[in-house]
Amino acid sequence: MTSQPRDAPQFYLTSPSACPYLPGKEERKVFTHIVGRRGRELNEILTQGGFRRSQTIAYRPACDTCRACVSVRVLVDEFEPSGNLRRVLKDNADLIGSPNPNRPTSEQYSLFRRYVDTRHADGGMADMTVLDYSMMVEDSHVDTKLIEYRRRGIDSSITGKGEGNLIAVCLTDEMSDGLSMVYSFYDPDHQDRSLGTFMILDHIRRAKAMGLPYLYLGYWVDGSKKMGYKARYKPQERLLAHGWVRVD
């Protein structure tokens with residue numbers, strides 16, 4: 001008779017459900033818990049193997065007949081923004097992001113609610129309460145930060161912090177080989193700024209400044225307009241059946 005160490009991961013498979021990205025498809029996920037003293041190590045191994053983190057759960061698609069969901073990571077040292085992406089950086093040059101501990105605030109939740117109600121009112125997060133939001137932010141056994149974006153102030157070059165109202169937020173995991181963008185949201189009144197794109201570009205710069213080779217973006221889904229934007233950030237690597245493959 002054999003036994004597993006108490007902190008060894010155990011994997012589970014969900015029942016089939018409707019795919020949120022491709023009409024007419026069903027999805028299944030394999031998942032495990034990220035807890036205990038090996039939480040950070042386990043999260044890195046799983047992320048490098050194509051998993052995503054949500055609170056203390058790591059999951060990845062395990063669909064029977066579809067392989068459209070592909071893990072993507074940007075090669076930050078070689079990334080050069082296109083003309084359109086440079087315009088996004090220019091349009092948001094008045095913003096600065098500052099890392100904070102993963103502690104929820106009422107200001108964050110207010111912005112989160114406005115974002116979800118405006119952009120994703122029919123999505124899975126539409127019914128999230130303030131307690132649900134707090135759990136999403138705090139329930140982590142890995143190195144997690146909240147990057148808060150505000151307008152630059154007189155002292156921002158010294159303090160590294162912005163001033164005024166909260167414009168955007170990204171929940172970000174810091175790993176030994178890169179940053180992983182877990183979830184981001186922003187003020188829907190500023191959608192003309194392309195803030196989702198800006199936060200990705202800012203995280204590419206952050207990872208490069210930290211000496212980290214990758215920015216993990218989660219899943220690119222071939223054929224999904226909602227997830228197709230991740231193909232813009234090249235060079236990148238995509239996790240295929242035989243490992244990470246460079247795409248230029």
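This is a predicted model: local features need pLDDT of at least 70, side-chain atom pairs count only at pLDDT 80 or more; totals for chains, interfaces and linings use all residues.
View 1. Helix α6 covers residues 195-209. Because 11 of its 15 residues are buried, α6 is largely enclosed by the rest of the structure. After α6 comes G211, with a positive phi near 75°.

**View 2. A nonpolar patch on the surface.** Here we turn to V130, L131 and M135, which make a nonpolar surface patch of about 290 Å². L131 belongs to helix α4, residues 130-138. With a relative accessibility of 58%, L131 counts as exposed, because the cut-off for that label is over 50%. As a reminder when looking at any helix, an α-helix has 3.6 residues a turn, so residues three or four places apart point the same way.

**View 3. R53 and D173, a salt bridge between two strands.** The closest N and O atoms of R53 and D173 are 2.7 Å apart, and the two residues form a salt bridge. R53 sits in strand β5 (residues 52-54) and D173 in strand β10 (residues 163-174), so the pair ties together parts that are 120 residues apart in sequence.

**View 4. E237 and R73, another link between strands.** In this view E237 forms a salt bridge with R73, with 2.8 Å between the closest N and O atoms. The pair links distant parts of the chain, 164 residues apart: E237 is in strand β13 (residues 236-240) and R73 in strand β7 (residues 69-75). E237 is buried, its relative accessible area being 13%. R73 counts as buried too, at 7% relative accessibility.

**View 5. D187 and R114, where a loop meets a helix.** The side chains of D187 and R114 meet in a salt bridge, 2.9 Å from N to O. D187 lies in the loop between β11 (178-186) and α6, while R114 lies in helix α3 (residues 106-119); the two are 73 residues apart, and the pair links distant parts of the chain. D187 counts as buried at 9% relative accessibility, whereas R114 is partly exposed, with a relative accessible area of 33%.

**View 6. A network of shared partners.** Salt bridges that share partners join R40, E44 and D143 into one network. For the whole model, the count comes to 16 salt bridges.

View 7. An unreviewed UniProt entry lists residues 17-87 as "domain: N-end aminoacyl transferase N-terminal". In the model this span is 21% helix and 34% strand, and its end C-alpha atoms lie 40 Å apart. The UniProt annotation "domain: N-end rule aminoacyl transferase C-terminal", also from an unreviewed entry, covers residues 107-239. Over residues 107-239 the chain is 31% helix and 31% strand, with 37 Å between the end C-alpha atoms.

How values were computed. Residues are numbered from 1 along each chain as its sequence is written. Side-chain values use heavy atoms; hydrogens and water are left out. Helices (H or I, at least four residues) and strands (E, at least two) are DSSP runs, numbered from the N terminus. The expected span of a helix is 1.5 Å times one less than its number of residues. Buried means under 20% relative accessible area, exposed over 50%, partly exposed in between (1.4 Å probe, protein chains only). Patches are made of residues with over 30% relative accessible area and no salt bridge: like charges are joined within 9 Å, nonpolar side chains (Val, Leu, Ile, Met, Phe, Trp, Tyr) within 5 Å. Accessible areas come from the Shrake-Rupley method with a 1.4 Å probe; for residues, only the protein chains shown count as cover. A salt bridge is a side-chain nitrogen of Lys or Arg within 4 Å of a carboxyl oxygen of Asp or Glu. UniProt positions are given in the numbering used here, feature names are shortened, and annotations may be inferred rather than shown by experiment.
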